[in-house]
Amino acid sequence: MPTDASHPQHPVPATPPTGYGRFAPSPSGDFHLGNLRTALLAWLFARSTGRGFLMRIEDLDRVKAGAAERQLDDLAAIGLDWDPPVVKQSERLPHYEQATDRLTTAGLTYECFCTRKEIQQAATAPHGPMGAYPGTCRDLTDAERAQRRAAGRPAALRLRAAVTDFEITDELHGRYRGAVDDLVLRRGDGTPAYNLAVVVDDADQGVDQVVRGDDLLSSTPRQAYLATLLGLPVPQYAHVPLVLNTSGQRLAKRDGAVTLRDRLALGETPEYVLGLLTTSLGLPEVTDPAQLTGHFHPENLPREPWTLDPDGLSQTR
């Protein structure tokens, strides 16, 4: 991964920002235009409100060699900058362990020996959403846990949730109440789970504004509830519409020329691609995102997904 010096950094303000926004991709491959659009929105939300903007690489799993560097290059190419340093989750494992230890000491965790297949075949938890963990291992006796360990079953660590739902407030969706179940905190292979890591990271980095795709809205009440259990602040949320393909499914790299490198190979420029993204948001076509920060108003953003036909992009403008 490149050093911070190889990518644009926001000038250090005379007065440090009171909060931060962030973009936190998994380095699983190149960004498509939907990823870049969400990153642009996260940047605009942060910079237009005087916040700092952070980059965090969520590399606990789904890591492809070189992907993080290419992702940062793409963000820089369309004019986004960020405040150093770029944080990698793989370097923060002790922080996640400390959080799980605190919850365990408070009696808020338990070992779960269920396989993924067993969970899928089990009945859904009472009053929970479809697929919610049914609590199979919640009340195992010491002898039953010992028996499963002796059989070589790896144990995940789950939260012993005391609620079945939790309410958050979202800048675009308003009040939203979603399900909470006994979510995994640490997987059976010892890897910290996403829901734990993101809560710990946001608090540690001073992130008080989380802007991300609205496909993650349903998981946000779990994260907000977990933050309250850890005594951590709950960020302000804004879940933004996704980009869909012409079949109405979430955009993916298999949908054609949808990455920045794909578009450059067609003879387009990063500034042109930035213009595609800004006009899709009802914003002026600009060559530098900084030109938008003075008149960016979230309430004016489209609330519906952007349907993208990569074959028609050049012909539509």
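In this predicted model, strands β6 and β7 form a hairpin, with 3 residues lying between them. The two strands, β6 at residues 165–170 and β7 at residues 174–179, run antiparallel and are joined by 6 bridges. Within this pairing, Glu167 is found opposite Arg177 of β7.

Strand β2, covering residues 52–57, pairs with β3 in the parallel sense over 2 bridges. A reader tracing this pairing can look for Ile57, which stands opposite Lys88 in β3.

The next contact to visit is one between helices. Two packed helices are described by the angle between their axes and the distance between the axes. For helix α3 (residues 93–105) and helix α6 (residues 194–204), the angle is about 105° and the axes are 10 Å apart. This angle makes α3 roughly perpendicular to α6. On the α3 side, the contact is made by His95, Tyr96, Ala99 and Thr100. These residues meet Leu196, Ala197, Val200, Asp201 and Asp204 of α6.

Finally, the cysteines deserve a look. A disulfide is a covalent bond between the sulfur atoms of two cysteines. With a cut-off of 2.5 Å between sulfur atoms, the count in this model is 0 disulfides. What keeps Cys114 from being bonded to Cys137? The closest cysteine sulfur to that of Cys114 belongs to Cys137 and is 3.6 Å away, which is too far for a bond. Cys137 is likewise in no disulfide, its nearest cysteine sulfur being that of Cys114. Are these residues buried or exposed? Cys114 counts as buried because its relative accessibility is 18%, and the cut-off for buried is under 20%. Cys137, at 3% relative accessibility, also counts as buried.

Conventions. Residues are numbered from 1 along each chain as its sequence is written. This is a predicted model: local features need pLDDT of at least 70, side-chain atom pairs count only at pLDDT 80 or more; totals for chains, interfaces and linings use all residues. Side-chain values use heavy atoms; hydrogens and water are left out. Axes are lines fitted to C-alpha atoms, for helices over the stretch in contact, and angles run from 0 to 180 degrees between N-to-C directions. Helices (H or I, at least four residues) and strands (E, at least two) are DSSP runs, numbered from the N terminus. Angles under 35 degrees count as roughly parallel, over 145 as roughly antiparallel, 65 to 115 as roughly perpendicular and the rest as oblique. Contact means heavy atoms within 4.5 Å. Two strands pair if DSSP finds at least two bridges between them. Buried means under 20% relative accessible area, exposed over 50%, partly exposed in between (1.4 Å probe, protein chains only).
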